[in-house]
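Student: I've got a model open and some questions about it. Can we go through it together?
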Amino acid sequence: MSVSPEMSSKKRKVEYLFIFTSCYSVIIQFFLMNGNIYSILRYILIFLIILIFFVLILTKQLKIKNNLIIGMILVSYITLILGLIYSIIFNTIIIENTLFIPLLLIIIGYNLNLHLENRNLLIYCYAFSTLLVGWYIVLKFGNGFSISSQYFLAQKNQLGAIIGVSISMLLYLLFTKKAVFKNRIFFTIMLIFLNIIPLFLLRNRTTMLAVIICLVFIIIKTLLSTQASIFAKFLIVCLILLLFSSSTTIDFIYNSFFLNVDVTDINSLSSDRVSVYSESIEFIKNNFWFGEVATESNIFDPHNFFIYNLLKNGILLSFGSFIFYFIFLRRLIKSWFSVKLFELNVSNFLLIISFSASMLEYQQPFGPGTTQLLAWFFVGNELREGRNNGKKN
């Protein structure tokens, strides 16, 4: 079906608005240390996302013809109603919105499948923005190129996750057939390294581990593939040799993970996560159905998606988000094990970061919106176009 020039022009303008919004979500991290300004800028970000949604409606570009999206809408509505019922029963205000942000982004992505050139433009602009923000924070508040023995940024998990998004998208460009132009290979590699360094200096260990998991998958698929290019295999071998041939690099990585940490103590190693997990699980055993909705507790928020939701909401209110967690996880695992590396979608790279981090962070993979904006947007792209969503519109 042909698209009129007027509709094509409108679509292109919405694409540019989304690219701007995505980069804006990174740029506002410059003000991360100023709570008042950052709060205002976050509201502007929310406004921009909602604006894109309504522009799609007003320009008659919004369509929902996917059973998975329809299922998410129904489950989100049911859990919202259930939360309101809980509010009446337990005399408190409960708004269960775990799926709202990813659902909105999926719907936008489903109806705004970026042209290949604009997709690459988005990735490069986003990566350059995270590079600027990452180095600014590290140089202004950290110890420069030295690993700080203490975490110098309280919001390191948020900023680190955003940098992780950049790295995963750049890896997508580097290792898939849909992506990087030949004359941009060196530029892409440089962007990856220039984003990895501030990530490790920030010591956001969750995202660091998630990036390493993504790299391990890439290395295995590349070396085992009979269709991977000689350049790709050569690049992998060079990276491995570079990593293990320099004691400075090994020390840098080790210190980023373990400096000022007792590696023989699982609690110290996990930043006290294990003790909180244990305490939370004991509480959940006795409050499985309603969690803290019905019974108060003073347990610190457990940094694990499942434990956190069971603790806060109980199984009934969390069940919907758990269903879609496993639906998308199954799709992700199936893609990485059955699809050739150079045919993977950008969402496959983004979600491997999100789902890996969800084991050690309670909001991922469905939130927060500033870190998951592109992951779920590109999931929408994938649902619209299927596996071969790298084709031009």
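Predicted model: local features only at pLDDT ≥ 70, side-chain atom pairs only at ≥ 80, totals over all residues.

Student: Is I240 buried or exposed, or in between?
Tutor: I240 is partly exposed, because its relative accessible area is 32%.

Student: Switching to salt bridges. How many are there in the whole structure?
Tutor: A search of the whole structure gives six salt bridges. One of them joins the side chains of K312 and E292, at 3.2 Å from N to O.

Student: Where do K312 and E292 sit?
Tutor: K312 is in helix α13 (residues 305-338) and E292 is in the loop between α12 (273-286) and α13, so the bridge ties together parts 20 residues apart in sequence.

Student: What does R331 pair with?
Tutor: R331 forms a salt bridge with E382, and the closest N and O atoms are 3.4 Å apart. This pair links distant parts of the chain, with R331 in helix α13 and E382 in helix α15, 51 residues apart.

Student: How accessible are R331 and E382?
Tutor: R331 counts as partly exposed because its relative accessibility is 29%. E382 is buried, at 11% relative accessible area.

Student: New topic. Where is E361?
Tutor: E361 is found in the loop between α14 (346-357) and α15 (369-385).

Student: Buried or exposed?
Tutor: E361 counts as buried, because its relative accessibility is 10%.

Student: What does the E361 side chain have for a polar partner?
Tutor: The side chain of R273 makes a polar contact with the E361 side chain, at 3.0 Å. Leaving aside neighbours within four places in sequence, E361 is in contact with N157, T206, R273, H303, N304 and F305.

Student: And Q29, where is that?
Tutor: Q29 is in the loop between α1 (5-27) and α2 (35-58). Q29 is buried, because its relative accessible area is 0%.

Student: What touches Q29?
Tutor: Not counting residues up to four places away in sequence, Q29 touches Y38, V133, I137, Q158, L159, I162 and T370. With Q158 there is a polar contact between the two side chains, at 2.9 Å.

Student: How far is Q29 from S297?
Tutor: The C-alpha atoms of Q29 and S297 are separated by 33 Å, and the residues are 268 apart along the chain.

Student: You mentioned α2. What is its length, and what span is expected?
Tutor: Helix α2 has 24 residues and reaches 34 Å from its first C-alpha to its last, close to the 34 Å expected at 1.5 Å a residue.

Student: Which α2 residues are buried?
Tutor: The buried residues of α2 are Y38, L41, L45, L48, I49, I52, F53 and L56. Y38 is also one of the residues that Q29 touches.

Student: What follows α2?
Tutor: K60 does, and its phi is positive, near 60 degrees. I64 lies in the loop between α2 and α3 (67-90).

Student: What is the accessibility of I64?
Tutor: I64 is partly exposed, because its relative accessible area is 33%.

Student: Which residues make up the nonpolar surface patch with I64?
Tutor: I64 makes that patch together with I70, I73, L74, Y77, I78, I81, L84, I85, I88 and I89, and the patch has an area of about 1000 Å².

Methods:
Residues numbered from 1 in each chain as written. Heavy atoms only, no water. Helix = DSSP H or I, 4+ residues; strand = E, 2+ residues; numbered from the N terminus. Buried < 20%, exposed > 50% of the residue type's maximum accessible area, 1.4 Å probe, protein only. Polar contact = N/O pair within 3.5 Å; in protein donor to acceptor, adjacent residues only side chain to side chain. Contact = heavy atoms within 4.5 Å. Patch = residues over 30% accessible without salt bridge, like charges linked within 9 Å, V, L, I, M, F, W, Y side chains within 5 Å. Areas by Shrake-Rupley, 256 points an atom, 1.4 Å probe, with all protein chains shown as cover. Salt bridge = Lys/Arg side-chain N within 4 Å of Asp/Glu carboxyl O. Expected span 1.5 Å × (residues − 1).
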